[in-house]
Amino acid sequence: MAKKRPQTKAKGPQIADGEVPVVGAREPCPCGSGRRYKACHGRAAAHAVTELVQRPFEGLPGEGDWVALRELVPAATVELTLKGGLPEGVPSVSLATVLPMAWPALRREDGSVLLGLQNDTASGDISRDLADTLQRALTADPGTPVQGRRAPADGPRLQDLLDPEGTFEPVVHTGFEFWVPDAENSSPEVAASLERANAAAIPTAKLQGVDAAYWCETPDKNHLRWVMPYPEEQLLDALARLHAAGRAGLGEGTRLVGSFRAHGLTVPVWDLPSGVTAEDVEKPAAEFAERLTGALASDTPLTADERRARGGLTNRQVTLS
């Protein structure tokens, strides 16, 4: 009987990890291993896509405002500064809270780019998803929206594309007329869409005297929501000290009611009487910022009253993201 020859597997193409394209989960992995993609390189890709980045905007100018525009502000735009300047044919790049039809981005007829912030993202890193959308928008045909997709796991983040020395100055709008260059002469369909969007927007204003604080008006009462950059435990201790001392308010009839977490930062919330406007709260907010600085500097143990105040604040804390 003839001897059986030892069987050898054909050598597949030698592809580096960073070069393996994304295919269907049940398709053979392009690396040539003979296994399905989901059981081979797809496993690492899926992990990279789903791993949550707790502070996706960390390191960007105006991190607190990025968080506010993502979670709190209905209508706002910010002009962005790219590393190395704008590409040829792109007169400007702006961030927008939301775009028509929830588009991730839009390349306008004049070549300018609008990047939408309040969209669902495919991975756990909002910064990487936004960077991928921005890169595709910069080369899209003028007059076309950019659709969402799963960003490459090794793709750039916003921190890689935006100038770290650039300014981040949000402009809060009363409505969504910034969607179209000439809202007054828009078609009936566009006008109707704008009217519906504007009707749903909560009146909001950015305070000028402190960073990342936003006033809003609701039917029952007004609120101030202030995105703060301090470590959560240190901030909660400081807020508890002020609350126990009766110094956590922003004027008569106002009350610190709790806080929430968003993208790795803590956002204290105050209830304000309906008659209190954004302008009215500017001075009290600046004075509170000074009191908070002093409370943050204290390292003495919390008193019993302060511990109770801290417990009340943490019991009312929620996480948005």
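Two strands count as paired if DSSP finds at least two bridges between them. Helices (H or I, at least four residues) and strands (E, at least two) are DSSP runs, numbered from the N terminus.

Now the model. It is predicted, so local features need pLDDT of at least 70, side-chain atom pairs count only at pLDDT 80 or more, and totals for chains, interfaces and linings use all residues. Residues are numbered from 1 along each chain as its sequence is written, and side-chain values use heavy atoms, with hydrogens and water left out.

Confidence next. pLDDT is the predictor's confidence in each residue, from 0 to 100. The protein chain has a mean of 89, and 88% of its residues reach 70 or more. Residues 1–18 stay under 50. For that stretch the model has 9 contacts beyond four places in sequence; contact means heavy atoms within 4.5 Å.

Let me take some pairs. Strand 1 (residues 76–79) meets strand 6 in the antiparallel sense, over 2 bridges. There, alanine 76 has valine 172 as its bridge partner. Strand 1 also runs antiparallel to strand 2, joined by 3 bridges. Valine 78 faces leucine 95 of strand 2. Strand 3 (residues 105–107) and strand 4 (residues 113–116) are antiparallel too, with 3 bridges. Leucine 106 stands opposite leucine 114 of strand 4.

Last, a helix pair. The axes of helix 6 (residues 232–244) and helix 7 (residues 278–297) come within 9 Å and cross at roughly 115°. The two helices are therefore roughly perpendicular to each other (65 to 115 degrees). Helix 6 contributes Gln234, Leu235, Ala238, Leu239, Arg241 and Leu242 to the contact. From helix 7 come Phe288, Arg291, Leu292, Ala295 and Leu296. By class, that is 8 nonpolar, 1 polar and 2 charged residues. Nonpolar covers Ala, Val, Leu, Ile, Met, Phe, Trp, Tyr, Cys and Pro; charged covers Asp, Glu, Lys and Arg; the others, Gly among them, are polar.

Technical notes: Axes are lines fitted to C-alpha atoms, for helices over the stretch in contact, and angles run from 0 to 180 degrees between N-to-C directions. Angles under 35 degrees count as roughly parallel, over 145 as roughly antiparallel, 65 to 115 as roughly perpendicular and the rest as oblique.
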